[in-house]
Amino acid sequence: MSASAETRDARTAPLASRVVRSPHVVALVIVVVLLALGEALSPGFASPQQIMALLVVAALLGIIAAGQTMVIIGGREGIDLSVGAMVSLGALIAGNIMDGQNAAIAQALVLVPVATFMVGLLNGVGVAFLRIPPLVMTLGMAGVIQGGLVVLSRGVPSGRSAPGFSGFLNDAFLFGLPGMLYVWLLVTIVMGLVLARTRFGLRVYAIGTNEQAARLTGAPVRLLRVLLFGLSGGFAGFGGVLVLGYTGTSFISVGDQYMLPSIIAVVIGGTALSGGRGGYLGTVAGAILLTVLQSILITLALPEFGRQMIFGATLLVLLLFYGRERRLQA
Amino acid sequence: MSRPAVGGAAVLSSLRRQTWVLAAIVFVVLFAVNAILQPRLLEPAVMTTTLQTALPLILIAIGQTYVVLAGDIDLSVGSIVSLVNVSVVTLFMAWGDGPLGILGAMAAGIAIGVACGVANGIAVAVLRFQPIVATFATAIVIAGIALWVLPQAGGQAPTPYWRTYMGGLAGIGVVVWITLAALAFVLVFQRSRFYAQLMAVGGQRQAAYQSGLPVMGHRIRAYALSGLFAGLTALCLTAETASGDPLSGQALTLQSVTAVVLGGTALAGGIGGAVGSMIGAVVLILIRNLIFFARLPFEVQALVEGLIILAVLAGGVLMTRRAAR
């Protein structure tokens, strides 16, 4: 409570407010505290190998949430509830393209994101041109994709990752770090540059802050919005390929577990659901935080109900800092 | 058909302003097609069974409507259903199957639902959490409590309880009576001053606040109503399955939102109504029925269902916008 009061009143406590205003810093501090706590509870929790394993899991969520971050920054209640289904779709198609052959890796890496990008464009058309609220459009689309998955797979799980691809993602690739982390680093750099340094990125913030003003400065608002949903689909599909590589095989609902966490990672990273504010570094920190939190709850060897209750309660505490709406003014 | 007279035109234009008209048209068409594919649908017994399948969704969609009208959303309704379901079954087994025990367990279940709703309302309206993420977080906590109450599906509802629910009263099924009672509540509630203020809170929150409406209190009350209806939903579900399952409500959360939007209520708040949501819920069940009886190949069933729902959702949104003008 006091922390959020500080964010509102920047003049009285400039340093504290600046720190609290960088959600990724706060999230990373919490991560360090959690790691220390985990180490105290179960020695070895914060060992380098263990941290690496956690980061690999966080990378999946972080990459899947990259497009979600942009959709949310783009505003007008932007949200993509179809990412879970898109991940499943990406994993299924990639598994069938690769089917255990190293020669097909490149093909899957290109075709799958393009395919889910196009499905995402359909979301964007519904939102930008038919003016269907994003929540409704993407929820409906998730149902369609899930139906499409049954058709594509004929109800039977099929396809598997190529050994070369899984090896690259999971085993030490360079300086002892697995390839997955380099992929995430690349995504983070590209996202950071695109959002902060390109005209596209600036326009995403502009339409999220004030769509009318953005339109007057000549931004093609509708096309931008279509593109944002396309990118969200593309990132989710790419994430699906990585999920396949990480686990080796896929099943029809493999992506469901990423749907709501992708939104939570964005929000606890300090990106406002009302649009126009935030960034991808926050999402990176949010994804790491969620992953470490889940892992610590597993380490505690709590029964399932205790894990869920603590996880939900912790989310609420984190939301106290960043997930709040403005007070109504008289 | 002759051209509508002046009175007819007035009726038509007032109908066009009703947000649930599209859902009603879709309902009539679906019902007709369903009746052609499955002529037995017109038999009272089969109709009652179909309604019984739809009743949980109807009730939960009514509660969700009030939250959405107030400009919020409740993603925890499914978890509340699960929690009330397992709590009631546990209490049934503790308190025996006498009338007092049964009624006591039912009352406790409703109270749990309302308490969850009030907690959601406080999180959203007082602590100012964003509704989507906040109710998702409370949903996890509530689902955790449900698992604590009953870790695995099991338990048993007393025979008189589910027999009564499946049975009839004055020659008409109990589920029909419950539906009629829910409809009566919705219609009466729509005329209350609280309801009008709730619409204002959702449609013009800033203005509502400035004109002195208790915005915070009304948002909490809307969530409490949602919790109440989630509790009622759980009572019906418990009677239908005659047992407890900590995951029984999960699928209902997103379905309730779908039913509300299908029924012509705008997610932005302030426009729509629970009658539409009731029709929307039945439409969802009829779509599933239709696909089952159309004997489509198994693999394409889910895809066809998804496409129909997306199309009707889009139509519902366009219709709501027209009504809002």
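**Two chains in contact: a working chat**

Modeller: In this predicted model, the contact between the two chains takes 42 residues from chain B and 39 residues from chain A.

Colleague: Which helices of chain B supply at least two residues each to the side that touches chain A?

Modeller: They are helix H6 (131-149), helix H10 (205-210), helix H12 (252-262) and helix H14 (298-324) of chain B. H14(B) gives the most to that side, with 14 residues.

Colleague: And how does the side of chain B that touches chain A divide by class?

Modeller: That side of chain B has 31 nonpolar, seven polar and four charged residues.

Colleague: Turning to chain A, what does its secondary structure come to?

Modeller: Chain A has 15 helices and two strands. Its radius of gyration is 20 Å, close to the 20 Å that the globule rule gives for 330 residues, so chain A is as compact as a globular protein of that length. Along its principal axes, the C-alpha trace of chain A spans about 60 × 55 × 40 Å.

Colleague: What percentage of the residues in chain A is buried?

Modeller: Buried residues make up 50% of the 330 residues in chain A.

Colleague: Where does Gln212(A) lie, then? Is Gln212(A) buried or exposed?

Modeller: Gln212(A) lies in helix H11 (residues 211-216) of chain A. It counts as exposed because it has 8 C-beta neighbours inside 10 Å, and the cut-off for exposed is 12 or fewer.

Colleague: How do H4(A) and H9(A) cross, left-handed or right-handed?

Modeller: The crossing of H4(A) and H9(A) is left-handed. The axes of helix H4 (residues 48-73) and helix H9 (residues 179-197) of chain A come within 9 Å and cross at roughly 35°.

Colleague: On to the largest nonpolar core: how many residues has it?

Modeller: The largest nonpolar core has 210 residues. Those with the most contacts inside it include Ile64(A) and Leu289(A), as well as Leu57(B) and Val133(B). Helix H11 (residues 215-241) of chain B brings the largest share of this core, 15 residues.

Colleague: What is Leu289(A) in contact with, leaving aside its neighbours within four places in sequence?

Modeller: Leu289(A) is then in contact with Ala27(A), Ile30(A), Val31(A) and Ile268(A).

Conventions: Residues are numbered from 1 along each chain as its sequence is written. Chains are lettered from A and ligands numbered from 1 in the order in which they are written. This is a predicted model: local features need pLDDT of at least 70, side-chain atom pairs count only at pLDDT 80 or more; totals for chains, interfaces and linings use all residues. A nonpolar core is a set of buried Ala, Val, Leu, Ile, Met, Phe, Trp, Tyr and Cys residues joined through C-beta atoms within 7 Å. A residue is buried if 20 or more other C-beta atoms lie within 10 Å of its own, exposed if 12 or fewer, and partly exposed in between; C-beta atoms are placed from the backbone. Helices (H or I, at least four residues) and strands (E, at least two) are DSSP runs, numbered from the N terminus. Two residues are in contact if their C-beta atoms, placed from the backbone, lie within 7 Å. The radius of gyration is taken over C-alpha atoms; the globule rule is 2.2 Å times the number of residues to the power 0.38. Ala, Val, Leu, Ile, Met, Phe, Trp, Tyr, Cys and Pro count as nonpolar, Asp, Glu, Lys and Arg as charged, and the others, Gly among them, as polar. Axes are lines fitted to C-alpha atoms, for helices over the stretch in contact, and angles run from 0 to 180 degrees between N-to-C directions. A crossing is left-handed if the near helix is turned anticlockwise from the far one by less than a right angle, and right-handed if clockwise.
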